[in-house]
Amino acid sequence: YILNTEYPFEVIEINAASGDGYIDVHFEVLPMEYKLNNIYPNPFNPITNIEFTMPVRSDMVIQVYDLQGREVVTLFDNIQEPGVHSVIWNAENESSGIYFIRMTSGSYSEMKKVMLLK
């Protein structure tokens, strides 16, 4: 670690150099929490994009449910690396209506409502 603190901070710029000059630095800021972000477009026909964040590597499941609570499809069920990710749902074989997207990872679970209009 170059810097370790218990207080929040923001990295504005990183400069690195060697005896041969400056070194290009690429870094990724990892999310601090699990989050099922906005699903867009919503309403959709028939494809929508589901964005989510993962703070650590863990098992993650994204499922779609209908209004009666029946599982329609599992879009992702695997180990996911930390970062910002997205999954696309192509609902061309589903009926118009309201659906629920659920993201689960460990004790975290969040659900969002989407509307399919054909």
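This is a predicted model: local features need pLDDT of at least 70, side-chain atom pairs count only at pLDDT 80 or more; totals for chains, interfaces and linings use all residues.
Biologist: Which strands form the open sheet, and in what order?
Modeller: Strands here are DSSP runs of E with at least two residues, numbered from the N terminus, and two strands pair if DSSP finds at least two bridges between them. The edge strands, each pairing on one side only, are β3 (35-40) and β7 (83-90). From one strand to the next the twist averages 20 degrees, taken between lines fitted to C-alpha atoms, with angles running from 0 to 180 degrees between N-to-C directions. The pairing is antiparallel, and the order is β3-β4-β7.

Biologist: What is the bridge partner of Ile39 in β4?
Modeller: β3 pairs with β4 (residues 47-54) in the antiparallel sense, over four bridges. In β4, the partner of Ile39 is Ile50.

Biologist: Is Ala91 buried or exposed?
Modeller: Ala91 lies in the loop between β7 and β8 (97-105). Not counting residues up to four places away in sequence, Ala91 touches Phe44, Pro46, Leu116 and Lys118, where contact means heavy atoms within 4.5 Å. Buried means under 20% relative accessible area, exposed over 50% and partly exposed in between (1.4 Å probe, protein chains only). Ala91 has a relative accessible area of 0%, so this residue counts as buried.

Biologist: Which polar contact does the side chain of Asp66 make with another side chain?
Modeller: Asp66 belongs to strand β5 (residues 58-66) and is buried, with a relative accessible area of 12%. A polar contact is a pair of N or O atoms within 3.5 Å; within protein, one must be able to donate a hydrogen and the other to accept it, and residues adjacent in sequence count only if both atoms are side-chain atoms. The backbone nitrogen of Gln68 lies 3.0 Å from a polar atom of the Asp66 side chain. The side-chain partner, at 2.8 Å, is Arg70.

Biologist: Why does the pair of Tyr34 and Tyr108 tie together parts that are apart in sequence?
Modeller: Rings of Phe, Tyr and Trp (its six-membered ring) pair if their centres lie within 6.5 Å; planes under 30 degrees apart count as stacked, over 60 as edge-to-face and the rest as tilted. Three aromatic pairs are counted, and Tyr34 with Tyr108 is a stacked one, at 5.4 Å centre to centre and 20 degrees between the planes. Tyr34 lies in the loop between β2 (21-23) and β3 and Tyr108 in strand β9 (residues 108-116), so the pair links parts separated by 74 residues.

Biologist: What kind of aromatic pair do Trp89 and Tyr99 form?
Modeller: Their centres are 5.4 Å apart, with 75 degrees between the planes, which makes the pair edge-to-face. Trp89 lies in β7 and Tyr99 in β8, so this pair ties together parts 10 residues apart in sequence. Ring pairs also build a cluster of Phe44, Trp89 and Tyr99. To answer directly, the pair is edge-to-face.

Biologist: Which residue stands opposite Tyr108?
Modeller: β8 and β9 pair in the antiparallel sense over nine bridges. They form a hairpin with two residues between them, and Gly106 in the turn has a positive phi of about 60 degrees. Opposite Tyr108 in β9 stands Ser105.

Biologist: Which residues of the largest nonpolar core touch the most other members?
Modeller: A nonpolar core is a set of buried Ala, Val, Leu, Ile, Met, Phe, Trp, Tyr and Cys residues joined through side-chain atoms within 4.5 Å. The largest one has 18 residues, and β3, β4, β5, β7, β8 and β9 each give two or more. Those touching the most other members are Ile50, Phe52, Ile62, Trp89, Ile101, Met103 and Val114.

Terms used:
Residues are numbered from 1 along each chain as its sequence is written. Side-chain values use heavy atoms; hydrogens and water are left out.
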